[in-house]
Amino acid sequence: MFHLLLLVAASSSTFEDLNRLDDRITAVSPDAEQVDKRLKLAACPESPIIAPPAGGSVIVRCPALGWRLRVPVNTTAQKAETAEIVIRKGEMVECVSGGRGFAVSTTMIALEDAAVGQAVRVKSSTNAGPSSTMTAVATARGQASF
């Protein structure tokens with residue numbers, strides 16, 4: 001019985017402290033929702049990276065372990081109405097995806113309007129199949145990222 005308690009106590013400390021993670025996310029985006037406390041994320045050996053809000057959520061990731069988490073951000077319709085549209089439906093959009101030390105870009109067609117930070121559906125200008133539709137995040141006039 002005693003060994004079982006030690007095993008449970010040892011295993012519980014191997015999970016990320018979600019309350020502390022919530023505090024760090026709130027410091028980056030006060031409008032972010034709480035992290036679902038049912039999650040059992042492996043404890044990140046380094047401090048998790050928290051990206052500023054984009055596309056209606058904050059991205060939290062632990063590169064050392066490879067986990068990634070999207071935390072929704074509460075936005076009001078009023079903010080969306082006053083935001084300047086930087087991508088218009090039907091426009092050609094330069095879509096960029098990258099990582100540490102590389103970036104890949106392609107030109108795609110916007111399927112809807114979007115302001116900076118909003119999700120925008122785009123489709124390939126060369127492939128007409130249903131799998132050619134993707135969702136990107138508007139970053140600037142005529143530009144989006146995956």
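Let's start with Ser-57 and its contacts. Leaving aside neighbours within four places in sequence, Ser-57 is in contact with Pro-52, Arg-70, Val-71, Pro-72 and Val-73. Keep in mind that this is a predicted model. Ser-57 sits in strand 2. Is Ser-57 buried or exposed? Buried: its relative accessible area is 7%, and the cut-off for buried is under 20%. One of those contacts is polar. The side chains of Ser-57 and Arg-70 are joined at 3.4 Å.

What does Val-60 touch, not counting residues up to four places away in sequence? The list is Leu-21, Ile-25, Pro-48, Ile-49, Ile-50, Trp-67, Arg-68, Leu-69 and Val-71.

That brings us to the core. The largest nonpolar core has 15 residues. Six of them touch the most other members: Leu-21, Ile-25, Val-58, Val-60, Leu-69 and Val-71. Which elements give two or more residues to this core? Helix 2, strand 2 and strand 3. There is also a second, separate core, of twelve residues. Met-108, Val-122, Ala-138 and Ala-144 are among them. As general background, nonpolar side chains in soluble globular proteins tend to be buried together.

Now helix 2, residues 18–28. Its buried residues are Leu-18, Leu-21, Asp-22 and Ile-25. Why do they fall on the same side of helix 2? Because they cover an arc of only 105° around the axis. Note the aspartate in that set: Asp-22 is buried along with the leucines and the isoleucine. What do these buried residues pack against? Strand 1, residues 49–50; strand 2, residues 57–62; and strand 3, residues 67–72. Turn to the face away from the buried side. There you find Arg-20, Asp-23 and Ala-27, which are exposed.

Next, the cysteines. How many disulfides are there? The count is one. Cys-44 and Cys-62 form it, with their sulfur atoms 2.1 Å apart. The link is right-handed, with 85° about the S-S bond. Cys-44 lies in the loop between helix 2 and strand 1, and Cys-62 lies in strand 2, so the pair ties together parts that are 18 residues apart in sequence. Both Cys-44 and Cys-62 are buried. Another cysteine, Cys-95, is buried too, at a relative accessible area of 1%.

Last, strand 5, residues 92–99. Strand 5 pairs with strand 6, residues 102–110. That pairing is antiparallel, over eight bridges. The two strands form a hairpin with two residues between them. In that hairpin, Gly-101 takes a positive phi near 90°. Strand 5 is also joined to strand 10, residues 143–145. Here the strands run parallel, with three bridges. Look at Val-96 to see both pairings. In strand 6, Val-96 stands opposite Ser-105. In strand 10, Val-96 stands opposite Ser-145.

To recap. Helix 2 packs its buried residues against strands 1, 2 and 3. The disulfide is Cys-44 with Cys-62. Strand 5 pairs antiparallel with strand 6 and runs parallel to strand 10.

Terms used
Residues are numbered from 1 along each chain as its sequence is written. This is a predicted model: local features need pLDDT of at least 70, side-chain atom pairs count only at pLDDT 80 or more; totals for chains, interfaces and linings use all residues. Side-chain values use heavy atoms; hydrogens and water are left out. Buried means under 20% relative accessible area, exposed over 50%, partly exposed in between (1.4 Å probe, protein chains only). Helices (H or I, at least four residues) and strands (E, at least two) are DSSP runs, numbered from the N terminus. The arc is that of the directions from the helix axis to the C-beta atoms. Contact means heavy atoms within 4.5 Å. A nonpolar core is a set of buried Ala, Val, Leu, Ile, Met, Phe, Trp, Tyr and Cys residues joined through side-chain atoms within 4.5 Å. A polar contact is a pair of N or O atoms within 3.5 Å; within protein, one must be able to donate a hydrogen and the other to accept it, and residues adjacent in sequence count only if both atoms are side-chain atoms. A disulfide is a pair of cysteine sulfur atoms within 2.5 Å. Two strands pair if DSSP finds at least two bridges between them.
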